[in-house]
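The sequence and structure come first.

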Amino acid sequence: MQPRIGITLGDCAGIGPEIVDFAVKSGHVPDSADYVIIGRQPNCKPGEPTIETARAAAAALEEAVTLARRGELDAIVTGPVHKGRMYDVGFKFPGQTEFFAERCGVQNFAMCLTGGKITVALVTTHIPLGKVSSALKQSEIVRVGLLLADFLSRRSSAKADRSSPAARGPRIAVAGLNPHAGESGKIGREEMEIISPAIAALKSEISNPKSEITGPHSPDTVFHRAIEGEFDAVLCMYHDQGLIPLKLHAFYEGVNVTLGLPFPRTSPDHGTAFDIAGKGIARPDSIIAAINLAVELAHGGALRAPKRATVRDRRYS
């Protein structure tokens, strides 16, 4: 059977509906999946969000996770929402990542982003920069590192070449927190006291003995080394440490992946873009990449050659 991929539109006053429509009709997503568009669109004008558009976006998320938990969907791709407006309608989560984890009863989850030649996972996410140091825990670095290693192995499990992470084990670079990775304690001791012990623990717990876990690496060079092919992913200590280089490198094709859920969940790595909604200039690259990755993960292996998509629309069912 073809995997069933649920796609929510996000806030329909944003660019979600137009980029989703373009993506599933573009020929740039695989025909090896059945795409289910989820959510009702209230009357609205592009670029003019309302309480109703936020409420509809929240309802679509609820429907999508319910269908996935029932086994009626094999993966979910979520369109962009506006968090502030979602909070106005009672959405109590920092983001969609935390929503899916709570609804699935999952505590062991993490945020991962991938695009171009960079894949990053985040040890801390939506917290103020001033609180990152106190929030860093050895156990959290190990936990997210294990989820990242599993994601890399599963994503490449169908590849037969010896250079793939499945064959040789994933190569994960662990970034330091401070400039120059602390300079042996002269610019901070987190690397010596927290990150290095976590790397040692991660090496002992990872299941693939061929895995390479190295660091802590200086954050100002580690992403260049990843792009050059030295690493498969970078384990980052805080939100912007990972997202700034990823968006600089692959702004239009970045994908957000929630690790640890019982089903694949991806999303484009951009917002609602209310200011350009309905003008026909929104780029669909990121939603296409998110759909492709969802299909890949649902298949448990490599994608088939992209052809014309088959679409079922649940928006008015």
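## The β10–β11 hairpin

Five residues lie between β10 and β11, which form a hairpin, and Gly260 in its turn has a positive phi of about 100°. Strands here are DSSP runs of E with at least two residues, helices are runs of H or I with at least four, and both are numbered from the N terminus. The model is predicted: local features need pLDDT of at least 70 and side-chain atom pairs count only at pLDDT 80 or more, while totals for chains, interfaces and linings use all residues. Residues are numbered from 1 along each chain as its sequence is written, and side-chain values use heavy atoms, with hydrogens and water left out.

Strand β10 (residues 255-259) runs antiparallel to β11 and is joined to it by three bridges; Asn256 stands opposite Ser267. Strand β4 (residues 75-78) runs parallel to β11, with two bridges, and Val77 stands opposite Thr266. Two strands count as paired if DSSP finds at least two bridges between them.

In a regular strand the side chains alternate between the two faces of the sheet. Both faces of β11 are covered, with Arg265 and Ser267 buried on one side and Thr266 and Pro268 buried on the other. Buried means under 20% relative accessible area, exposed over 50%, and partly exposed in between (1.4 Å probe, protein chains only).

## The second largest pocket

The second largest pocket holds about 380 Å³ of space. Lys83, Asn256, Pro268, Asp269 and His270 are the closest to its centre among the 22 lining residues. Two or more lining residues come from each of α4 (96-103), β5 (110-115), α10 (239-250) and β11 (265-268).

A pocket is an open set of points on a 1 Å grid over the protein atoms alone, where a 1.4 Å probe fits, with protein on both sides within 12 Å along at least five of seven lines; lining residues have an atom within 4 Å of a point. Grid points are joined across faces, edges and corners, and the volume is the space filled by probe spheres set on them.

## Salt bridges

The whole structure has 14 salt bridges, each a side-chain nitrogen of Lys or Arg within 4 Å of a carboxyl oxygen of Asp or Glu. Asp21 and Lys25 form one of them (2.9 Å, N to O). These two residues are four apart in helix α1 (residues 16-25), so about one helical turn separates them.

Arg225 and Glu230 form another, with their closest N and O atoms 2.6 Å apart. Glu62, Glu102 and Arg103 are linked in a network of salt bridges.
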